[in-house]
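Welcome! Please take a look at the sequence and the model below, and then let us walk through some parts of the fold together.

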Amino acid sequence: MNAYTVDLVIKNAKLLLESGIVRGGVAVEGERIVAIATDEHLPSADRVIDAETNVLMPGLIDGHAHLHDSSMLEHEDFSSGSMLAASGGVTTVIEMPLSLQVDTVELVRKKVREGEKRSVIDFGLYGGMIRSDNIQNIAVLVEEGVAGFKAFTCEPFYANAGVITRALSEVAAHGAHLTVHCEDQGVLEEFRRDLDGEWDAPVSHALARPALAEQLAIHQTIRIARETGGHLHIAHVTTQQGVTEVAAGKQQGVEVSAEVCPHHLIFDRDEMNRLGPRSKMNPPLRTKRDRAALWAGLLTGAIDIVVSDHAPAPLSEKETSDIRESWAGVDGIQMILRILLSEGVHRARLTLDRVLRVTAVNPARIFGLYPQKGTIAVGADADLVLVDLSREEKMSDDRTLSKSGWTLYDGMRFKGAPVLTINRGRIVYEDGEIAGEKGEGRFQRMGVACLPA
Ligand SMILES: [Zn+2]
């Protein structure tokens, strides 16, 4: 027996460590993990949780979510969004601007205050959207702990190749990274004309944003990064060609990482007319072949992380009769782990080790939070999620914690779910209920990225 007593022990778990899966448990004192051991070597604790041989892994880090925009608080906010996140095993979210700019020290500090008042989980902040008039702010924002910046190659925040070039040079000089939404503006402009003709079914949204738009923009942006150096991160890759471009960039030694979203891993564009305008997002749903390429890219390492791009809106803004008027964005922060388990691990498309990499280790590295977050290690933050691989759940509009009041996954069943979520030693989600208090989440400064191996 050990003589000392800690706050919390989770025992009888399968620990998903970077070195493999082992039986045992962890001890938590305050906000940190203080021991990892077989059950008989764990200290005594004020609270002991029996994991019943379920999998214990690091809390997820969602590197791209739109939870809080002061001009759109009817969509989601730090409170509702972070609770929904906790119900999906997410313990850190990197919040990205939606419609309002977050590109000055004042705006960053305002958002930090809003988050620390309302969030139940930890959060980092993206700066953006980068345009020619705010590139010079990158340096001071890095000092504020913002090390990721968002830019678009298309409207509504179009930045041309010159702006992308200058922004990449600037992030390279300050140890930050640039995340780019890659769809070629020229292709989108031209193909959008078709929407003004006879097209009106929901799928026409996808047909008006062809895969070529993504491929051209990714290719060009990687070409620029090869020139400037600096860490380029490709937002939400959706196509087979996109995966190929990223893999080629990595092979050439370009410092490029990439992400994929749960909705692109599970739906394809043939389902858009059935799903209706709820299924509108940018980039849009793609073909079954593209979807298969995303899973393959996730397994082989061409794709580094899975992010939600969570950006729902009230149904009144989604269910419009004209698909052009419908809000582009869906929920998903609660779905990352569920989809990777149900559609990935249970269908032998993904290993548990790969789930660990793409949800925790790699995002922690990309966002400069490693090894404080993203791994189960002594001294690391006690950000943990207990996963029941056999639990079956049916998602529904009635049960979502999202402020928007609906989910794209309404009526769908998933196997494998988080049953307990812990953020810095505090239980924030347990037995299907939110247990955390809003305002306990803390802003996390990003450090310099260390790209996944
Ligand atoms: Zn987004």
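Strand S7 (residues 90-95) and S8 run parallel and are joined by four bridges. Helices (H or I, at least four residues) and strands (E, at least two) are DSSP runs, numbered from the N terminus, and two strands pair if DSSP finds at least two bridges between them. Opposite Gly124 in S8 stands Ile94.

This is a predicted model, in which local features need pLDDT of at least 70 and side-chain atom pairs count only at pLDDT 80 or more, while totals for chains, interfaces and linings use all residues. Residues are numbered from 1 along each chain as its sequence is written.

Together, S7, helix H2 (residues 105-118) and S8 make a right-handed β-α-β unit. Right-handed here means that, with the strands pointing away from the viewer, the path from the first strand over the helix to the second runs clockwise.

In a regular strand the side chains alternate between the two faces of the sheet. In strand S8 (residues 122-125), Asp122 and Gly124 point one way and Phe123 and Leu125 the other way, and all are buried.

Now for another sheet region. Six strands form an open sheet with parallel pairing, in the order S9-S10-S11-S12-S13-S14. Strand S9 (127-128) and strand S14 (305-306) are its edge strands, each pairing on one side only. S9 and strand S10 (residues 148-152) run parallel, joined by two bridges, and Gly127 has Phe149 in S10 as its bridge partner.

Phe149 is also among the residues with the most contacts inside the largest nonpolar core, which has 132 residues. Such a core is a set of buried Ala, Val, Leu, Ile, Met, Phe, Trp, Tyr and Cys residues joined through C-beta atoms within 7 Å. Not counting residues up to four places away in sequence, Phe149 touches several residues, including Tyr126, Ile138 and Leu178.

Here are some overall values.

| Property of the protein | Value |
|---|---|
| Helices and strands | 14 helices, 18 strands |
| Box filled by C-alpha atoms, along the principal axes | roughly 75 × 45 × 40 Å |
| Residues that count as buried | 57% of 453 residues |

Finally, what follows helix H7? Gly229 does, and its phi is positive, near 75°.

Conventions. A residue is buried if 20 or more other C-beta atoms lie within 10 Å of its own, exposed if 12 or fewer, and partly exposed in between; C-beta atoms are placed from the backbone. Two residues are in contact if their C-beta atoms, placed from the backbone, lie within 7 Å.
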